[in-house]
Every structure is written in structure tokens, then in C-alpha cells.
Amino acid sequence: MEAIFIHLLNGFATALSANNLFAALAGGIMGMLIGALPGIGSVMGVALLLPLTFKMDPTTAIIMLAALYYSTMYAGAFTAILINIPGDPPALMTTLDGYKLTLQGKAGKALAVSNWASFVAGLIGVVILTFMGPVLADIGLAFGPAEMTAVILLALSAIAWLLGDDPVKGLLATCLGILLATVGLDAAVGRPRFAFGIMELLNGIDFIPLVIGLLGVNEIIEMALQKGGYQFKTKERLSIRSNYLNMAEIRQIFRPTVISSILGTFIGCIPGAGTNTASFLCYVLESRIGKNKQNMGKGALEGVAAPEAANNAAAAGAFAPLLALGIPSSGTVTVLLGGLMMWGITPGPMLFTDHPDLAWGLIASMYVGNVVCMIIAALSIPVMVQALRVPPVIMTPIIIVICMVSAFAANNSLFDVWLMIIFGIVGYFFCRYKYPVAPFLMSFILTPRLEMSARQAFDISNGDPAIFVQKPIALAFLVVTLILFLSPLLVRFCRACRTK
């Protein structure tokens, strides 16, 4: 323990040098801009910045790239809260309550909750990374294809809690998401599925035009069709202080923030799980056990705190297997691994011995960068709330341009813009006939990973399904999933017994 503190102090000496401090600041600012623009995301942001860092000192470069990564987790919630379009996939769950708060005139509060939860989660995640990095890496390695299949099955079964008032409509939306996720080339045998001869569909349907259409374009259609003109419902004062959280609100979100931070950190270290799974599972957990669960999805502060804490903590947890074992656990961390290898640095158990300045400097910089991101995000709240006072006749064309550019930027394809428009119409009918969007989107996100993990597990076992019960971790998750499916029947049985 004493040795860790000594190494951490040396890391702060490295992180607080002028060059590295400026790198963390620059990475944080760029991450805020990239994260707030739908369609770019942390993977593309780090990949675009990576070539510019080759001539930099490796420690300075990795600090800048890491700051960009976790600052995108902060900024992804901005557009999710303000215009119902998540800046990146992990912010999808934030739209469920964040945008509802904006419509209630509480955009500043929602942004403040997002920033506060992100800061606390980042701090908790880095503290856990500092003292339990190797342990987290070992936990991540314990999750092979069979275990990941069981985890994703659990997540898919949890979608039932987001089905809305009509379970039949929710299940139909879930099945549609699973169906669309199978469009494209079969990952196992390379054969096209449901592409109908359209070349652009061979790579599958991209998530960015889909989510922008379902949420963003749908909102524009709603604006256009409202009689008497659409008006943003906000009367908030535009000062920083007016958007601070009071003690009652901090106590309200403290518990879900801490729980989601701890759980998100452990999920983040699992290869393939990532920030998407962390934010989804923590939101569902809060909707089931939270004190304010009846208001989840209707504008609850906890509905913003839980997913935002989870994805920021998962971003910190993702560095544990990278630094301790040299194993990336997400797409963004894979790009960071490529950068380290290009600089002649091989992550793994010897990294802390051969390159202590880089390893501990990076960890210490995450403490510093987290504070920097919090300050930038807090100062930007009045500016972002001001945007809601722009007349809709001006705001609507701006949102349309953002949607079209973001959809095009996903693959530099005009086909994605047409997909966005089609899904915008689909989203309008979803909204009009009260089909829930969340189950559709989450099943679309989780299905490809489920298919890949299940096929890998069957390849390992030569087609023997017993692999899912022979692995203790996989068996435990499958048992929990089975209990979730049977719980309604068990509840009915218990009630019937009591009436007798």
C-alpha cells in the first residue's frame, strides 16, 4: 500500500508537469467537442488524434488520448439531454430521463446531475484502478465467450423491465431490434443476410443513423406537426449558480451514483462489455431497486445519474486490463493499445517496472483530467441552456443539419442519411402508437455481441451447449436470468397461496 502511494505521488509529479497538464487540458476540451457531436464518438476521436501524437513524448501522448476518451463520456450526455440525441451510444439511456427533464424546464439540473455523477464515477473508478488494477484485470480475463453470452442474455432479459405500459408492444419492438441487428454479412461464414442485394447493407445497419433517426428526426417531425408552433419548455435562469444541485438533490442521487460507479468499473474491465453494457445494466438496476423507481423514465434525476456514472466508471475500469495485461476491453482502448505499440511500449505486467513514469503518470493524470473535465462541463451549462431559448424556427434547421452531418460522418455515406430519414419516420410511428424505443435500441446494440460470443463458445466446445453450465460464472448468470423469467410466475404463485 505504501509503495502504491509513493508511485502515485511520482505519477502526480509527471502528470502536473506543464506539458502533460496542457495535454490533459487539450484532450479534455477536444473530447468535450467530439462527445457532444453525434456520430463521432470516442473511437473515431482517438483514432483521428492518434497520428498527431506520434512525434510527442509517449507519456504526454497517452495522457492526451486518455483525457479525450473519458471526456467524451461527459459530453455524450449534452445532446442526449438537450435535443434527445445521444452524443455516443453509452448516453442512450440518459435520453430516457434527461430529455424529459428538459421538457419540464430542468435542463440545467439534468446537466448538473450528469456532470456531478460523471465526476464522482470517474474519481471512484480511478481510485479502484489505482489500488485494484491487477485484480480487475484478472476478473476481466475470467470472462470468456461463454460468460459473455450469459451476461448479454441477462441484459436482454432485463429489457423486459423497459417494455413500457404495453408488454406486447415492447416485445415487438425488442424483436424488431434483434431482426435489424442481423442485417449484413454473417460474421461466422461471411454470407449476406437480409441485404436484398443492397451493397450498403452488407456492413449492416449502422447505429448512428438509426438512433439519430429514431430520436432526433422523430423530434423534428413532432415539432413540425404541433399546432400553434413548438416551444421549448424552459424558463431557467442562465447563471452557473442557479444550476447547482442543492443538498437534497445530491442526497437523492448519491446512492445510485456510487452503486453505478462501482458496478460500472467492474463491467468496464470485462473485454467486450464496455460502457454500453455498463450504462444499460445500471439504469435497469436503478429502475428496479431505486427509491424513486416509479418515476424512472419520466424525468427522474436518478435516471440521469445512474447511466452517466456507469459509463464514466467503465471508461476508467477499461484501463485495468490494458495496463496490467495488455488486453483491450473496448474499441477505444484497442486504438490506445495500437498507439502504445507504435511508440515501442508493450503494455502488460512489466509496464509498471519498465515504464513507471508512463503507467503512474497516466493514472495520476486521470485524477487531474477528471477535475478539468468537471470544470469545463460545469462552466458550459449556462451556454447550453441558452441554446434552448433560441426560437424553434432557428433551432430546428440547426438540429436538422447536425443530424444529417452526423449520419453522413458515420461512414461518409449518403445512404446513411436516407436510413436516418427512414428511421425518423419509423420513430414517429413508434411515438404516435406508443411503442417503446428503448427496448428496440438496446436489443439492436446487444444482439451482435451475443451472436458473436455464442458462436465463439460453440466453436470452443465443438458445438456442445454444456459449456454454458460447466463454467461457474456463466452458470451463475444463467441462473439469475432464469429467476428473472420465472419471477412473475413465482409472485403470482405466492399471492395465490396467501389468498387461500
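Visitor: What makes Phe-408, Leu-414, Trp-418, Ile-421, Ile-425, Phe-429 and Tyr-433 a nonpolar patch on the surface?

Guide: Together these residues have about 710 Å² of accessible area (Shrake-Rupley method, 1.4 Å probe, only the protein chains shown counting as cover for residues). A patch takes residues with over 30% relative accessible area and no salt bridge, and joins nonpolar side chains (Val, Leu, Ile, Met, Phe, Trp, Tyr) within 5 Å, or like charges within 9 Å. The largest share, five residues, comes from helix H18 (residues 414-432), and Phe-429 is in that helix. Helices here are DSSP runs (H or I, at least four residues), strands are E runs of at least two, and both are numbered from the N terminus.

A word on the source: this is a predicted model, where local features need pLDDT of at least 70, side-chain atom pairs count only at pLDDT 80 or more, and totals for chains, interfaces and linings use all residues. Residues are numbered from 1 along each chain as its sequence is written, and side-chain values use heavy atoms, leaving out hydrogens and water.

Visitor: Why is the meeting of Glu-451 and Arg-193 called a salt bridge?

Guide: The rule asks for a side-chain nitrogen of Lys or Arg within 4 Å of a carboxyl oxygen of Asp or Glu. The N to O distance is 2.7 Å, so the pair qualifies. Glu-451 lies in helix H19 (residues 437-460) and Arg-193 in strand S2 (residues 192-193), 258 residues apart. The count by this rule is four salt bridges.

Visitor: How do you know how H10 and H12 pack?

Guide: Axes are lines fitted to C-alpha atoms over the stretch in contact, with angles from 0 to 180 degrees between N-to-C directions. For H10 (residues 247-268) and H12 (residues 301-317), the angle is about 30° and the axes are 7 Å apart.
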